Amino acid sequence: MLAFFILIRNFFHVLRILFKQEEQKALMIMVGALFLIGTVFYHNVEKFSILDAFYFSVMTLATVGYGDLVPQTAFGKLFSIVYVMLGVGVLSAVIVNFNMALKQYHRDKKNKEERK
């Protein structure tokens, strides 16, 4: 249980490093905008409920694709193709930035220990 709390504490330190970066803030706004655009689109065009539309947006951008919901219209399928291509790039950038922040955290931690 102690290890879990240490993990959570370290995770918040990494998030603090992340959100000091302007690039990361812009990426998170882009992720939010992508989820919002996808949710509104699938709700209006594919007639999914708001929850289903948001769920489908997340599953699509995460490239999980359970197959329980699928676009039925040609426009919905074309939108999904573009949506995935944009979303995978943006989410990949978020993951890369998270990895860089994690490395920065460990570098800072190591430097702090060496100074002692």
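What follows describes a charged patch, a salt bridge and one further arginine.

The model shown here is predicted. On its surface, Arg9, Lys109, Lys112 and Arg115 gather in a patch of positive charge. Helix α4, which covers residues 74-115, gives this patch its largest share, namely three residues. Arg115 is itself found in helix α4, and it counts as exposed because its relative accessibility is 68%, where exposed means over 50%.

Side chains of opposite charge can pair when their charged atoms come close. In this model the count comes to one salt bridge, which Lys25 forms with Glu22, their closest N and O atoms being 3.4 Å apart. Both Lys25 and Glu22 belong to helix α2 (residues 22-44), where they are three residues apart, or about one turn of the helix. The two partners fall into separate classes of accessibility, since Glu22 at 58% counts as exposed, whereas Lys25 at 35% counts as partly exposed.

The C-alpha atom of Arg16 is separated by 31 Å from that of Ala53, and the two residues are 37 residues apart along the chain.

The table sets out the accessibility of the residues described above.

| Residue | Relative accessibility | Class |
|---|---|---|
| Arg115 | 68% | exposed |
| Glu22 | 58% | exposed |
| Arg16 | 48% | partly exposed |
| Lys25 | 35% | partly exposed |

Notes: Residues numbered from 1 in each chain as written. Predicted model: local features only at pLDDT ≥ 70, side-chain atom pairs only at ≥ 80, totals over all residues. Heavy atoms only, no water. Patch = residues over 30% accessible without salt bridge, like charges linked within 9 Å, V, L, I, M, F, W, Y side chains within 5 Å. Areas by Shrake-Rupley, 256 points an atom, 1.4 Å probe, with all protein chains shown as cover. Salt bridge = Lys/Arg side-chain N within 4 Å of Asp/Glu carboxyl O. Lys, Arg positive; Asp, Glu negative; His and termini not counted. Charge placed at Lys NZ, Arg CZ, Asp CG, Glu CD. Helix = DSSP H or I, 4+ residues; strand = E, 2+ residues; numbered from the N terminus. Buried < 20%, exposed > 50% of the residue type's maximum accessible area, 1.4 Å probe, protein only.
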